Amino acid sequence: MDLNPPPPKSWSIHTRPEIIAKYEIQERVGSGAYSDVYRARRKSDNLEVALKEVHDYQSAFREIEALQILQGTPNVVVLHEYFWREDEDAVLVLEFLRTDLATVIREAKKGGGLPVGEVKRWMIQILCGVDACHRNMIVHRDLKPGNLLISDGGVLKLADFGQARMLMEPGYVVADDNLQLYEQKPLHQTEINQTPEVAFDAGSSCQEGNANQERGSVSKEEYFREMDELKAKISMDEIARETNVHDENTSCLATCTTSDMEEDPFKGSGSYEPAEGEDIKHGSLTSCVGTRWFRTPELLYGSTDYGLEVDLWSLGCVFTELLSLEPLFPGNSDIDQLSRIINVLGNPTEDIWPGCARLPDYRIISFSKVENPIGLEGRLPNRSPDEILLVKKLVCYNPASRATAMELLHDKYFVEEPLPVPISELRVPSTKSGQDEESSGEWYDYNDSDSDFDEFGPPKVTTTHSGFSIQFP
Ligand SMILES: Nc1ncnc2c1ncn2[C@@H]1O[C@H](COP(=O)(O)OP(=O)(O)OP(=O)(O)O)[C@@H](O)[C@H]1O
């Protein structure tokens, strides 16, 4: 007897003729804030794929745009094609990746740790993926172990570009004097899925008579023209929606304006709204991005003109987790998140982080002086000085001081013994287990445990001309 309930008939993906004509949908394998993901087989050649149905327009647009630009990059998930008809959710056809780095970490914790050679190989692959994004001026904004998917052969791929932003016009690629290392990155070509032809369903299907017509690969110019048309269409829709989205200068913490005083001031801390209302031309981005545990201090203090460096902080948190098998800053609210960071790194000041005092929420929330911050050494007690140094290059207050992905790829850590193991020797879990941030069951393990927030006692809230200020004793 089959104990699994039949899938609800209302799932729109099951009723889309253009999709079921080409793909046999097998099971739902995951869901996120804006999407449902299904495992499926392409009928023509039996290829296993992931169908990601994205329920948010902007998130779908961002993911498609970023993945198109990054196509052919070995450490970024492959987008085979996508379907996007008017008035329906976008469905992205992605290569299917069975597991992720969160599962690797969880398994390692159960099974006695990760050998240094494996840690290095995972790190190199992540760095190659992030470097490819940053060369194209794409900021991912949601790097975390659960978004680093892994193929059966051990190739790690950045995924979930729903919050990604392009910081420059498409086509801009950062030059690098030393491309050699990037090209020589020690990936095994045979293990890399060949990038398939990308078919554009969106542009054609929006036009009468062309629905569901694949057109094969198109030139870059044609692609950007299509994207421009799509953007114009989206912006019309957004006008209607922007009346009730975040103000572009409003941070998660800064939901605490005077008019919101009757509401819980920490309400915004769990909010991961898509970055609507952003004005990239004027350098204004939302600070409500990413998953809290991996979110930078500048975002927590409400910055709206940040850059690629936000990914580098997240990368440092991921690396620390690979080394310690514990999340570095598992905050349970944005304020708790900041307090955990301050307990490790000390209070941020203009001396170590020029410009911090000008961040929107820097004066709104102040913490008592932490006399003896435990430092990253304290969070990585059994790791080598080289490993701690590597993490320090990323997990530092001043965004300008964070090392780039390319700089880290050149770090001597990766060429010293023990050397990174070949990809074929990585131990790859055969399935995925749960999620890696506060929405997961694991969150409860951290929720009441060592929250530094508990130590602060009740905050003192004072009304100011711009809102209010919160002082922790
Ligand atoms: N290509 C893929 N192959 C296999 N599983 C995938 C693939 N892409 C996504 N998934 C799984 O589907 C789930 C949701 O995917 P994803 O994180 O991309 O969606 P999201 O709505 O953007 O999520 P989030 O809430 O993290 O922003 C995750 O568990 C992820 O591991």
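Strand β4 (residues 79-83) pairs with β5 in the antiparallel sense, over 4 bridges. This comes from a predicted model. Within this pairing, Glu-81 has Val-93 of β5 as its bridge partner. The two strands β4 and β5 make a hairpin with 6 residues between them, and Asp-87 in the turn has a positive phi of about 65°. Strand β5 also runs antiparallel to β3, to which it is joined by 6 bridges. Here Leu-51 stands opposite Val-93, the residue that also partners Glu-81. Strand β5 is mostly covered, with 6 of its 6 residues buried.

The ligand comes next. Its shell comprises 23 residues, of which Gly-30, Gly-32, Val-37, Ala-50 and Asp-160 come nearest. At least two residues of the shell are supplied by each of β1 (23-31), β2 (35-42), β3 (48-54) and β5 (90-95), and β1 gives the most, with 3 residues. Both domain 1 (11-96) and domain 2 (98-166 + 284-431 + 458-472) are represented, each with at least three residues in the shell.

Turning to the helices, Glu-321 is placed in α9 (residues 309-324). Glu-321 has 21 other C-beta atoms within 10 Å; because a residue with 20 or more counts as buried, Glu-321 is classed as buried. Leaving aside residues up to four places away in sequence, Glu-321 touches Ile-105, Pro-145, Glu-326, Pro-327 and Leu-328. Pro-17, by contrast, lies 304 residues from Glu-321 in sequence and 43 Å from it in space, C-alpha to C-alpha.

How values were computed
Residues numbered from 1 in each chain as written. Predicted model: local features only at pLDDT ≥ 70, side-chain atom pairs only at ≥ 80, totals over all residues. Buried ≥ 20, exposed ≤ 12 C-beta atoms within 10 Å, placed from the backbone. Contact = placed C-beta atoms within 7 Å. Near = placed C-beta within 6 Å. Domains from an automatic or database assignment. Pairing = 2+ DSSP bridges.
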